[in-house]
Each structure stands twice: as C-alpha cells, then as structure tokens.
Amino acid sequence: MLFLLLPLLAVLPGGGNADGLKEPVSFHVIRIASFSNHSWKRNLISGYLGDLQTHTSDRNCSTIIFLWPWSRGNFSNEEWKELEMLFHIRCVRFLEGMHRYSRELQFEYPFEIQVTGGCELHSGKFSGSFLRLAYQGSDFMSFQNNSWLPSPVAGNMAKRLCKVINRNQHQNDIIHSLLSDTCPRLILGLLDAGKAHLQRQVKPEAWLSRGLSPGPGRLQLVCHVSGFYPKPVWVMWMRGEQEQQGTQRGDILPNADGTWYLRATLEVAAGEAADLSCRVKHSSLEGQDIILYWEHHSSMGLIILAVIVPLLLLIGLALWFRKRCFR
C-alpha cells in the first residue's frame, strides 16, 4: 500500500538532456498527511527541483498545480490528464489505507505521516534515490534495494508494517521504477523546459544596518543581501582583506519572486567598527564583488541626522510664527 505515498513521482514526466550539467541536481517530493481522527485528515504535497518548488496539489489530490510555465516538462496536456487521474486514485487509497493501518499499528490520533522521496543526477547521470517515511517526526522506515526496511529506532510497529508491505513485490517494483527511471527523466525534462529560468543570473542588492545591541559598549552590525539568483552566495564581514570569523550567517530565505535573501551579522566593540566592511560574492557579479564599508554607513547616518534635525527645527519655527501671526 505504501507505494501510494509516491503518486506525485508517478505523474511527473521527464525528457531532454543534461549537456554541460556538472553539479548534482535533485528532485524530491514532500508529503505531509495529518490525521486528527478517523474522519478528518489534511494532505499537503510539494515537489521541488533543488530548492525551487515546482509542483503542488490541491487538498483533494485531484489536481496537480504547476507553479511555473515549464513545470509541465515535455508531456502533453492529454498525458497530464491521464496521470492526474491516476494520481488522484492512488492518493485517496493511501489516505484510506493509513486510517486502516492506524488501528493495526496502534497509531494514536492525532498523528502525522511525513514522506520524502526523490533522486539525484550528477553530470547528467543517475547517482541515487531515496524514499523515507517518518511518523510524528521520527524516522519510521525507508525504501532500499527494492524493499522497505524499518528504522532501528522505530520498534516493532515499523517491522510489522514492512513485513506486510514487502509481501507485494509488484508494488515495490513500481516504487523502484519511479525512483530510478521516472524521477531522473523528470529532472532532465525540467532542466530542459526551464533552462532560461533556471540559468538566469540576478544581481543581489546589499545594505547595512545596526541590529539590537548585544550589550553595553558593543554593536551588532548587520549586512543584508537580497534579490539574488541562483542561491549560492558568499557573504563575510571583513577588516581589510581579513575575514572576520565571528560573522554569523542566517539561513538563505526565499523571496516571493523566486530570488533569495541572506543576512550576516557581526558583534564588535563600538570602537572597533570603523574599518569593517561587508563583502558579497555571487556568480551574477562576474567577479565584481559588492563591498560596503561600515564607516560610510555610519557617516551617512550622521549626514542624514545633520539634515533632518535642522529641518525639523525650521518646520517647528515656521509653525510657531504662523500661530503667532493668526492670533
């Protein structure tokens, strides 16, 4: 029954070629099924090419949603319709099957099943696949060498379920085919259809700010980098040409337009910030690094302050004179 966890992989096409593809690239599907009781459930499915989400599904698993014009790969509309119907049937059966297994395995409501499965290409060739299932956030079982294996930490419940599922070798063969054949062809198709989008270069924007004070006499310097694509980026606080090992980089987060955002912070004594700079390296910059100097940022702040304060005084003085004139 658990081959029903992979319906999305079954309906994603492939094709094309990967000429010039040197870095590893992966496609994976994440499925989260939440069961609050015997009658209520929630099902979320997302497909990703690397870090970029390319597919999702509606709540009823009846419609595959293509998040980019090229997410259809090289399949025709007719082929997608047929595969979408197959996807819906298998998705419904999976949800029904999990309710049934919940009694046998003594899953206590509410519970959640998380599944991630996919494959990876390296230099245009299949280099491996994976399929893992978690129960309540903990490893439960995985698919290896054409069969399901229980996680060492999952106990007897996982062993019993694997034993039952592995009786149907035909279904395991289907899973193996989806992971080792359909999934790699999918990656190639997406790379081919989405070439213009995936190979685009978007230059980052960067700016500096002051973060929350870490303590008396100390500053937190913040370097913001946003709007860049592709995702790999190098950001470091520098003193001259020396990297500051105290630089703390946050997670690279997605922007709504598909680009990325990152912030890098550094805590220093207030008197040691003057000669620091933030350096940004990215493929779109073609070797022309962005360098922002903290002393320029501080000077700009003083300039703005020097302009705003007299302006506010003049406005206040003008209002006072106007008030006096109209008495």
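I187 touches V25, S26, F27, L49, C119, E120 and L121, leaving aside residues up to four places away in sequence; contact here means heavy atoms within 4.5 Å. The model is predicted, so local features need pLDDT of at least 70 and side-chain atom pairs count only at pLDDT 80 or more, while totals for chains, interfaces and linings use all residues. Residues are numbered from 1 along each chain as its sequence is written, and side-chain values use heavy atoms, with hydrogens and water left out.

**The cores**

- I187 is among the residues with the most contacts inside the largest nonpolar core, together with F27, L49, L221, V235 and W237.
- That core has 44 residues; a nonpolar core is a set of buried Ala, Val, Leu, Ile, Met, Phe, Trp, Tyr and Cys residues joined through side-chain atoms within 4.5 Å.
- Buried means under 20% relative accessible area, exposed means over 50%, and partly exposed is in between (1.4 Å probe, protein chains only).
- Helix 4 gives the largest share of this core, six residues; helices (H or I, at least four residues) and strands (E, at least two) are DSSP runs, numbered from the N terminus.
- Both domain 1 (25-199) and domain 2 (205-296) give residues to the core, so it lies between them; the domain bounds come from an automatic or database domain assignment.
- A second, separate core of 25 residues includes F35, F94, C162 and I165.

- Eight strands form an open sheet in the order 4-3-2-1-5-6-7-8, with antiparallel pairing; two strands pair if DSSP finds at least two bridges between them.
- Strand 4 (64-66) and strand 8 (147-150) stand at the edges with a single partner strand each, so one side of each has no neighbour in the sheet.
- From one strand to the next, the twist averages 20°; axes are lines fitted to C-alpha atoms, for helices over the stretch in contact, and angles run from 0 to 180 degrees between N-to-C directions.
- Strand 1 (residues 25-35) and strand 5 (residues 111-122) pair over 11 bridges, and I32 has Q114 in strand 5 as its bridge partner.
- Helix 4 (residues 169-193) packs on the sheet, and its direction makes about 60° with that of strand 5.
- Strand 1 and strand 2 pair over nine bridges, and they form a hairpin with five residues between them.
- Strand 2 and strand 3 pair over four bridges, with L49 opposite L52 in strand 3.

**Helix 2**

- Helix 2 (residues 77-105) has 29 residues and reaches 41 Å from its first C-alpha to its last, close to the 42 Å expected at 1.5 Å a residue; that expected span is 1.5 Å times one less than the number of residues.
- Q106 follows helix 2 and has a positive phi, near 65°.

- Most residues other than glycine have a negative phi, and most peptide bonds are trans.
- S123 is not a glycine, yet has a positive phi of about 55°; its place is in the loop between strand 5 and strand 6.
- Q136 also is not a glycine and has a positive phi of about 55°; Q136 is partly exposed, with a relative accessible area of 40%.
- The peptide bond from Y109 to P110 is cis, with omega near -10°, and P110 lies in the loop between helix 2 and strand 5.
- The peptide bond from Y229 to P230 is cis as well, with omega near 5°.
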